[in-house]
Amino acid sequence: MQAKKRYLILFSAGACLILLFCFGGIQVPLSRRGPTRRDDRSLTGYRSGAQWRRFPGVVQPFSPWDQEESDGYNGHISPRQKRDAITGVYSGKRCRMESCFDFSLCERNGFKVYVYPQQKGEKMSESYQNILSSIEGSRFYTSDPGQACLFVLSLDTLDRDQLSPQYVHNLKAKIQSLPLWNGGKNHIIFNLYSGTWPDYTEDLGFDIGFAMLAKASISTENFRPNFDVSIPLFSKDHPRTGGERGYLKHNSIPPFRKYMLVFKGKRYLTGIGSDTRNALYHVHNSEDVVLLTTCKHGKDWQKHKDARCDKDNAEYDKYDYREMLYNSTFCLVPRGRRLGSFRFLEALQAACVPVMLSNGWELPFSEIINWNTAAVIGDERLLLQIPSTVRSIHQDKILSLRQQTQFLWEAYFNSVERIVLTTLEIIQDRVLQHPSRSSLMWNSLPGGLFTLPQYSTYLGDFPFYYAKLGIKPYSKFTAIIHVVTPLVSQSQPIIKLLVAVAKSQYCAQVIQILWNCDKPLPAKHRWPATSVPVIVIEGESKVMSSRFLPYDTIPTDAVLSLDEDTVLSTTEVDFAFTVWQSFPDRIVGYPARSHFWDSNKERWGYTSKWTNDYSMVLTGAAIYHRYYHYLYTTYLPTSLKTMVDQISNCEDILMNFLVSSVTKLPPIKVTQKKQYKETMMGQTSRASRWADPDHFAQRQTCMNKFASWFGSMPLVHSQMRLDPVLFKDQVSILRKKYRDIERL
């Protein structure tokens, strides 16, 4: 009987379900769930390396998907959430480069960026002005929107907190009225602050459509991989250009400081971001773990203070924040009201290893930077384990972490310009058809901003990675002799120089003469017979910068740059090249100069005095890697190169600025050669400029113009000079390899 009852109940239930299904009481959802954030390849139309031209016609917005999601789950979301899903900041939350970016705009003129002209009466914060100025001063900028691949608004979108005085009202209507907006396609929006009290959402207050976001404090949930860019939160005082160097002056071994772990900041008593900071007192020990918070912020803080506030405030005032920062091995970076914090950049600069406590934060430039090599990624839920975790890190690892903080700070974060250029380079790598930079290029010296993949994607073609690859540069050089005076006699210095260089055992099959003289090229028989071919190239524009063009006729890694009146022997050439093989990323040569700060005139000075200190090696007799020709031509702005060409001066100084800016190292002088200066001063024609006071004044001006563009003085002083073994030692001359150098 009991069994019959059970069967009857099951039969009745089944019949009811069938009836409900037939009359629409139950709707079985189809398997049309959108792909998850990490499952980007399941998007319709996805193809690896796909370009815009593979998606003909107008790209359809993702509103049907959003509508489908909201319609199917009306009973589980609030009306506000439903409204935000349709009209909020992420109405294009499924956007990727393959679906929301028009690649065809970039195929016409390459990666060019257009900044909208500023509208009258629109207020703009200093930080946003710095961002726009950095773009306008970069090689990516174009004033013609018809040439642009990427567009940047002149409307200030940095601060979207409605309680902020920097908040721009009616931004939605203003953006929608822009004629080039096109639903946000091929636009990038910069933002530092979004949302307001009490929930601090990531809503910007307007629909960004198909635009990319370069946003601080962005969560992994809202971050659109391979489309948005996570940038750091920086203060209004962050420098536009230049930026300060990191504070790690020397590598102390062992790399421990006075404090193991520190933090000093606000404590939020209630609301979002309060949990972690409220719990910091549990691990504070007033000895090597010093975690200080204060309730004393806001207008009515006393109304909300708790029993710990007075004690916390008193402890907080005992410590100087800068002293703690510079004397701690690790710095805690807990979230604030938003995920990001100013403490992040402060810790990087101070070589204090950041300990991240901000669950769900997409770290800055996470697409290119391996943060595991420069920071400790913690979990807010495991706060009590943090002290023991950092104590367990080996001192070798600590030293490595601190070194990497300094590299990342100086390469990508120490100025607004670096942050903006890194953002643009990331997008350019996505857009252009050439392969992008490798992780090693981004995460090791000199960084991704100076290793341009348009030149090459093979690490061995750059002067920075020979040691990492376990290879050496090609054991030959190409000589380039810059000529500006006519060839009228076989006794001119260039004839002797040509013969001496050709005799070098390291000279490749090419000697290149750049003919920048107004007179016609001399006949072939006027040049001396040499064991290697001589190629004469007539300069088209006959300007100074043409000596640093990336000529296809340079087959070697090393370039021996020479002025026509340089006096060098074969032995000197051989020795200089031997030294360069050990320092392929630097300029190695003979004529040295120096810079100094003139406190009376408050400007940089240039000196040619013979001292034991130098910061430049002139390219009239120097060896360097050919990659610097490419950087000089493509990285430096047209304004600096035009200045050099107009005055026919300072191209050698500009090359030294560039190389020192890349390497953060001085050039290398080889073997004192005073007769170089004496010979130059004794020459006529072009060489007479060395004694010309106007020539010297021009070089003073160049120093300050160049320093202004670079944002700081990149030149580095050195007192090192490399001589041959046994140079001028009291031993037999037969025991010396470069014996001829001593006779000069």
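Biologist: What makes F330 count as buried?

Modeller: Its relative accessibility is 0%. Buried means under 20% relative accessible area, exposed means over 50%, and partly exposed lies in between, using a 1.4 Å probe and protein chains only. At 0%, F330 is under the 20% cut-off, so F330 counts as buried. This is a predicted model, in which local features need pLDDT of at least 70 and side-chain atom pairs count only at pLDDT 80 or more, while totals for chains, interfaces and linings use all residues. Residues are numbered from 1 along each chain as its sequence is written, and side-chain values use heavy atoms, with hydrogens and water left out.

Biologist: Where does F330 sit, and what is it in contact with?

Modeller: F330 belongs to strand β10, residues 328-334. (Helices, H or I with at least four residues, and strands, E with at least two, are DSSP runs numbered from the N terminus.) Contact means heavy atoms within 4.5 Å. Leaving aside neighbours within four places in sequence, the contacts of F330 include M260, V262, C352, V355, V376 and I398. I398 is 68 residues away along the chain, and its C-alpha atom is separated from that of F330 by 9.1 Å.

Biologist: How do you know that β10 and β11 pair?

Modeller: Two strands pair if DSSP finds at least two bridges between them. Here 5 bridges join β10 to β11, and the two run parallel. In this pairing, P334 stands opposite L357 of β11.

Biologist: How do you know that the buried residues of α10 line one face?

Modeller: Helix α10 spans residues 309-316, and C309, D312, N313, E315 and Y316 are buried in it. Looking down the axis of α10, these buried residues fall within an arc of 165°, so they line one face of the helix. (The arc is that of the directions from the helix axis to the C-beta atoms.) The buried residues of α10 pack against β8 (259-266), β9 (289-294) and α9 (301-304).

Biologist: What makes W515 and W527 an edge-to-face pair?

Modeller: A search of the whole structure finds 35 aromatic pairs. In the pair of W515 and W527, the centres are 6.2 Å apart and the planes stand at 85°. Rings of Phe, Tyr and Trp (its six-membered ring) pair if their centres lie within 6.5 Å; planes under 30 degrees apart count as stacked, over 60 as edge-to-face and the rest as tilted. With 6.2 Å within 6.5 Å and 85° over 60, W515 and W527 are therefore an edge-to-face pair. W515 is in strand β14 (507-515), and W527 is in the loop between β14 and β15 (534-538), 12 residues apart. Both W515 and W527 are buried.

Biologist: Why are W597 and W604 called edge-to-face?

Modeller: Their ring centres are 5.0 Å apart and their planes are at 75°, so this pair is edge-to-face. W597, at 45% relative accessibility, counts as partly exposed. W604 counts as partly exposed at 22%.

Biologist: What makes R308 a charge over the ring of Y281?

Modeller: A charge sits over a ring if NZ of Lys or CZ of Arg is within 6 Å of the ring centre and within 35 degrees of the ring normal. R308 lies over the face of Y281, at 3.7 Å from the ring centre. The charged end of R343 sits over the ring of Y321, 5.0 Å from its centre.

Biologist: Why are β15 and β23 said to stand at the edges?

Modeller: The open sheet has 8 strands in the order β15-β14-β13-β16-β21-β17-β22-β23, with mixed pairing. β15 and β23 (721-722) each have a single partner strand, so one side of each is left without a neighbour in the sheet.

Biologist: How do you know that β17 and β22 pair?

Modeller: 2 bridges join β17 (588-589) to β22 (668-670), and they run parallel. V588 stands opposite I668 in β22.
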